[in-house]
Amino acid sequence: MSLIFKRALLVARIAGRRPPTNSSASRALRRRYPPSRTTCGRRWAYAVAAILQSPHFLYRVELDEPDPGSPWRRYNGFEISTRLSYLLTASTPDDELLDAAEAGELDSLDGIRAQADRLLQHENAGHAVLRFFDERLRLPEISRLNKDGQTFPLYSEELMEAMQTELELMLRDWVWEQDRPVADIFLSRSTFVNALLADFYGVAGPQTNDEWEQVERAADDPRVGLLGAAGLLALNAGYSETSPTKRGRYVVEQLLCLSIPDPPPGVDATLPEVDTDALMTMRERVAIHMADPTCAACHVLMDPVGLPLEHFDSLGAYREKDHGLTLDVSGEIGGVEFDGLSGLATTLADDDAIDRCTVQRFYEFAFGRASADNDEVGVASLIHSFGEHEGRYVALVRDLLLHDAFRFASEPE
């Protein structure tokens, strides 16, 4: 066997996430291997082309295998190694993980636990594990937001990028670095700013936009926690005006896992235009909208959740009044009444639905699919253990990796 072929097999092992010796990848290498008279460079190009066309490189193949004495099928060691690596490092398994799979160490809980603990210390682990919050909270959309520059002179692409970075740093510090309960982030007074964002918030901060500093908000600061971050407030608002409906729907669907149907066909979902001769607050405008029986059934679930955030405009800046009119920021969730952002934050932090939704959404994120009826027992057990760990995200990650749902599959129908 030539040196190039040996090296190609090593590359195929990493790219295909399993030994290629008796696999289709190995056969493809041999089939595509050109005559010996071909130059080394072309031989290597043929080998790489074969590897890149292998289904083991192109797809995450999970064929699983029978589990003796069990009604379930189990994922083999290489399938487990792939699952571990992509979830914890967002990359292909390294040599140590593949060696563990080849030695049969990933067939046991102890072996999986050892590799999971090792990968959680990987330099990419924090970023990879926090992709869940990026997707759940739709953070990448913030930097792409477009706002009315005439209404908001402070708007810029750089400001929106800073707002997204703030949330990513806040979440990483809270759930990863400090390993604190997820629900408590709604009450946090800590955040991160660069020069641009410090100026926007009116707080002391670094002198340049390339520097980021952690700051503590004062006890009387109107902003508090995750929902006080300008990025989320701007994300769930319109081009030039706020939207209690968008903000309320975001909280209800993304944080509480409740489902709100889209408006029925033919229903006009636009709000009444602002009449300069008879100004109205946003609360008064949505009240007119909610008077329509066709709309009220859904809007009553969203608008009372979004209206407490009316002290923040469409860009996420604080304001005392709306068109010069006094704001009523009272709200309600599930019969619990409160006032303003601080009241909403406290209500959410005390709501067990936040933890249940976090577990359900992470379960779906980890497996890349919506949960089904046969997932209910697994999700319920993870919710229980999440509570025992006081709602800490890193513990949830570990618990899922050791859960039967991660290691076993049902028989194909």
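The buried residues of α16 are covered by elements that include α13 (244-255), α15 (293-306), β7, β8 and α17 (352-367). In this predicted model, local features need pLDDT of at least 70 and side-chain atom pairs count only at pLDDT 80 or more, while totals for chains, interfaces and linings use all residues. Residues are numbered from 1 along each chain as its sequence is written, and side-chain values use heavy atoms, with hydrogens and water left out.

**Helix α16**
- Helix α16 (residues 340-349) is largely enclosed by the rest of the structure, because 8 of its 10 residues are buried; buried means under 20% relative accessible area with a 1.4 Å probe, protein chains only.
- These buried residues are Gly340, Leu341, Gly343, Leu344, Ala345, Thr347, Leu348 and Ala349.

**Strands β7 and β8**
- Strand β7 (residues 330-333) has Gly331 and Ile333 on its covered face, and Ser330 and Glu332 on its uncovered face.
- Strand β8 (residues 336-339) pairs with β7 in the antiparallel sense over 4 bridges; two strands pair if DSSP finds at least two bridges between them.
- Glutamate 332 stands opposite glutamate 337 in β8.
- The two strands form a hairpin with 2 residues between them, and glycine 334 in the turn has a positive phi of about 55°.

**The whole protein**
- The protein contains 20 helices and 9 strands; these are DSSP runs, helices (H or I) of at least four residues and strands (E) of at least two, numbered from the N terminus.
- Of the 413 residues in the protein, 49% are buried.

Key: Buried means under 20% relative accessible area, exposed over 50%, partly exposed in between (1.4 Å probe, protein chains only). Contact means heavy atoms within 4.5 Å.
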